[in-house]
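Please look over the sequence and structure, then read on.

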Amino acid sequence: MDQNKQLETESSAEISLKETDELLRKYDKGSDSRNLKGVSAKIVSAILICFTLFQLYTGVFGVLDAMLQRAVHLAFGLSMVYLLYPSRQKWSREKMHPVDIGLAIAAATVSMYVVVFYQDLVFRAGRVTTADMIIGMIAVLLVLEAARRVIGWPMVIIALLFIGYALLGPHIPGQLAHRGVAVEDLIQQLFFTTEGIFGIPIGVSSTFIFMFLLFGAYLEKTGMGEFFIDAANSIAGFAAGGPAKVAVISSALMGTLTGSSVANVVGTGSFTIPMMKKLGYKGEFAGAVEATASTGGQLMPPIMGAAAFLMAEFTNTPYVRVITAAAIPALLYYFGVWAGVHFEAKKLGLKGLSKEELPKLGNIMKERGHLLIPILIVLYLLIAGYTPVRAALGAIVASILCAAVKKETRLSFKDIIDGLEKGARSALTVIAACACAGIIIGVVTQTGLGLKMGSILVNIADGNLLLTLFFTMITSLVLGIGVPTTANYVITATIAAPALMMLDVPVLAAHMFAFYFGIVADVTPPVALAAVAAAGVAKSEPMRTGIQASRLAIAAFIIPFIFVYSPEMLLIDVTVTNMVVMIVTALIGIVCVASALTGYFIENMSVIERGIFFVGGVLLVTTDLKLNLIGAIVLAAAFFMQRAKATRKAIA
């Protein structure tokens with residue numbers, strides 16, 4: 001068999017469930033859990049269901065006092081991490097190890113210590129007993145170990161560096177002789193206040209995030225994933241490079257449900273990547289399309305990644321305002337990916353699928369269109385002013401009721417119970433990340449490190465906003481090498497965002513900037529976890545896949561700089577007329593940037609033409625009308641150059 005036939009055979013092969021599971025376990029530590037059997041499985045399942053029922057109870061009848069709500073949430077979360085994630089790879093995946101059982105009991109005990117002795121802790125606030133010290137130290141160690149198991153060493157190392165700074169470093173400006181804080185004070189801060197482990201991250205996890213993860217679990221149970229893929233096929237499958245455009249649409253929609261770039265890549269990619277390769281795309285490009293589209297799901301309203309809920313709390317901004325601000329940048333991001341896919345297809349002469357091969361949108365909507373109602377309901381409830389918790393609760397109920405409308409989508413009692421379990425499972429990675437991030441926040445709050453780091457960042461940049469933005473971008477991308485999006489955002493929000501605000505950047509724009517680059521780290525080499533996972537599905541070279549993904553995600557590297565200088569893009573102080581003009585010019589600009597990076601518009605481009613298209617496109621993306629005008633003139637010249645080249649080719 002020659003090489004071309006072999007490639008065609010490989011590209012047309014479906015990815016098996018076993019391969020999908022192996023890829024998830026390899027690239028997403030949160031998916032590398034035990035597959036328990038027998039009594040152990042039933043015990044863990046029962047605890048997970050109880051966890052979800054506790055969250056539902058407090059969601060319906062009102063949350064407990066902050067410390068109590070967060071302590072119970074952490075008790076469930078940490079104990080489940082120890083039971084489901086083995087310390088060592090060689091330990092059994094089908095039964096629990098005695099050491100892990102002991103650690104799970106310890107994790108539940110230290111967390112419930114806060115609940116049992118809550119009144120005592122309140123009455124002697126600030127005074128730490130010997131028992132408190134022991135419990136607090138054990139709790140910090142258990143949080144770090146849990147984070148290591150489900151996230152990896154990078155996050156733990158960062159937290160340990162912060163703890164080391166707290167114990168050994170200078171903290172009071174002008175008093176460099178003062179070194180470190182007392183261990184008792186640090187433990188008090190980290191475990192017995194709402195400024196450390198029980199801080200904002202775990203607070204948001206115990207309310208908003210958990211409910212939306214549960215909502216996502218039920219949407220997946222109703223078959224929403226298959227609905228998205230079929231709908232995307234019917235909408236875009238026939239177009240030039242159809243399967244790649246299907247990947248963009250379906251992954252954008254699925255990303256709002258999973259909140260995990262890698263899980264989205266492996267889930268939808270097992271279907272879309274073989275289709276793209278069969279059509280004629282190279283494996284590197286097919287993997288890059290899926291990685292870029294899947295990663296952007298965390299940028300896509302209404303259900304963005306977990307970090308978006310944290311942003312709402314950190315900036316004291318209603319969640320509906322956060323998703324409104326994110327709408328135009330997300331639109332531009334996906335339009336850029338779509339344009340890159342389109343021009344690549346035109347350049348290679350790739351056609352779409354025949355209409356006979358595609359499902360009809362009308363039939364899909366008739367059969368499963370009712371599954372969209374819960375998403376519309378959550379949007380309505382958020383806009384109507386309901387809290388995210390109430391909105392998620394309403395959407396969860398709606399997803400079950402709407403699925404019951406038709407027999408094909410109806411959930412059985414077992415499905416509903418499985419949804420309770422899956423919702424709790426999906427929260428474990430977030431809980432570990434939020435608890436570990438709380439350690440970092442606790443140190444920053446106690447030592448004033450956030451303001452110091454912000455001042456240092458501004459001083460290094462000599463007060464230059466562009467340089468400060470560049471350093472913040474690099475920080476986020478470096479953290480993204482081994483830190484999940486949620487923790488990445490927490491760190492940059494407490495260190496880098498204050499630096500931007502010192503330079504008069506609006507609060508929401510500063511935090512959105514850190515948020516964007518924390519997410520795009522998933523497709524930025526050298527690590528680029530989402531791209532590497534996609535390469536595993538596509539059987540392509542990981543580094544090339546990552547480079548292609550970065551090129552397709554170019555909008556995510558440009559737009560954050562634009563909305564910092566022009567907050568109107570985040571709908572801050574913008575009129576309707578300005579908004580319409582901004583959207584139109586930005587969309588044209590993104591198309592031109594995508595064509596420049598692809599090297600094709602009407603015809604293949606020369607290096608000079610690519611440069612002109614790129615510069616003109618960037619000028620159009622800005623919200624400055626003078627720059628827009630210059631960009632339009634530049635692009636008009638480039639357009640005529642392309643037309644002339646096409647005319648000469650036609651005559652020849």
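## Cysteines

C50 is partly exposed, at a relative accessible area of 43%. Buried here means under 20% relative accessible area, exposed over 50%, and partly exposed in between (1.4 Å probe, protein chains only). C434, at a relative accessible area of 0%, is buried. From the sulfur of C434 to the closest cysteine sulfur, in C436, the distance is 10 Å, too far for a bond. The structure has zero disulfides, a disulfide being a pair of cysteine sulfur atoms within 2.5 Å.

## Basis of the values

This is a predicted model, in which local features need pLDDT of at least 70 and side-chain atom pairs count only at pLDDT 80 or more, while totals for chains, interfaces and linings use all residues. Residues are numbered from 1 along each chain as its sequence is written, and side-chain values use heavy atoms, with hydrogens and water left out.

A147 belongs to helix 7 (residues 130–150). Helices (H or I, at least four residues) are DSSP runs, numbered from the N terminus. A147 is buried, with 0% relative accessibility. Apart from neighbours within four places in sequence, A147 is in contact with G152, V156, A432 and C436; contact means heavy atoms within 4.5 Å. Between A147 and L625 there are 478 residues in sequence and 48 Å in space, C-alpha to C-alpha.

Helix 30 (residues 625–651) is made of 27 residues. From first C-alpha to last, helix 30 reaches 39 Å, close to the 39 Å expected at 1.5 Å a residue; the expected span is 1.5 Å times one less than the number of residues. The buried residues in helix 30 include N628, G631 and L635. Among the elements that cover the buried residues of helix 30 are helix 28 (576–598) and helix 29 (607–621).

## Salt bridges

The count of salt bridges is twelve, each being a side-chain nitrogen of Lys or Arg within 4 Å of a carboxyl oxygen of Asp or Glu. R124 pairs with D132 in one of them, with the closest N and O atoms 2.4 Å apart. R124 is buried at 15%, and D132 is buried at 1%. A network of salt bridges links R34, D100, E145, R148 and R149.

K221 and D418 form a salt bridge whose closest N and O atoms are 3.7 Å apart. This pair links distant parts of the chain, with K221 in helix 10 (residues 200–221) and D418 in helix 20 (residues 413–447), 197 residues apart. R368 and D230 also meet in a salt bridge, at 2.6 Å from N to O. They too link distant parts of the chain: R368 is in helix 17 (residues 361–368) and D230 in helix 11 (residues 224–236), 138 residues apart. R368 is buried at 17% relative accessibility, whereas D230 is partly exposed at 24%.

## Loops

Most residues other than glycine have a negative phi, and most peptide bonds are trans. P301 and P302 are joined by a cis peptide bond, with omega about 10 degrees. P302 is in the loop between helix 14 (283–295) and helix 15 (306–314).

D462, a residue other than glycine, has a positive phi near 55 degrees. The loop between helix 21 (449–460) and helix 22 (465–479) holds D462, which is exposed at a relative accessible area of 69%. K539 is not a glycine either, and its phi is positive at about 55 degrees. K539 sits in the loop between helix 25 (529–538) and helix 26 (542–552).

Key:
Helix = DSSP H or I, 4+ residues; strand = E, 2+ residues; numbered from the N terminus.
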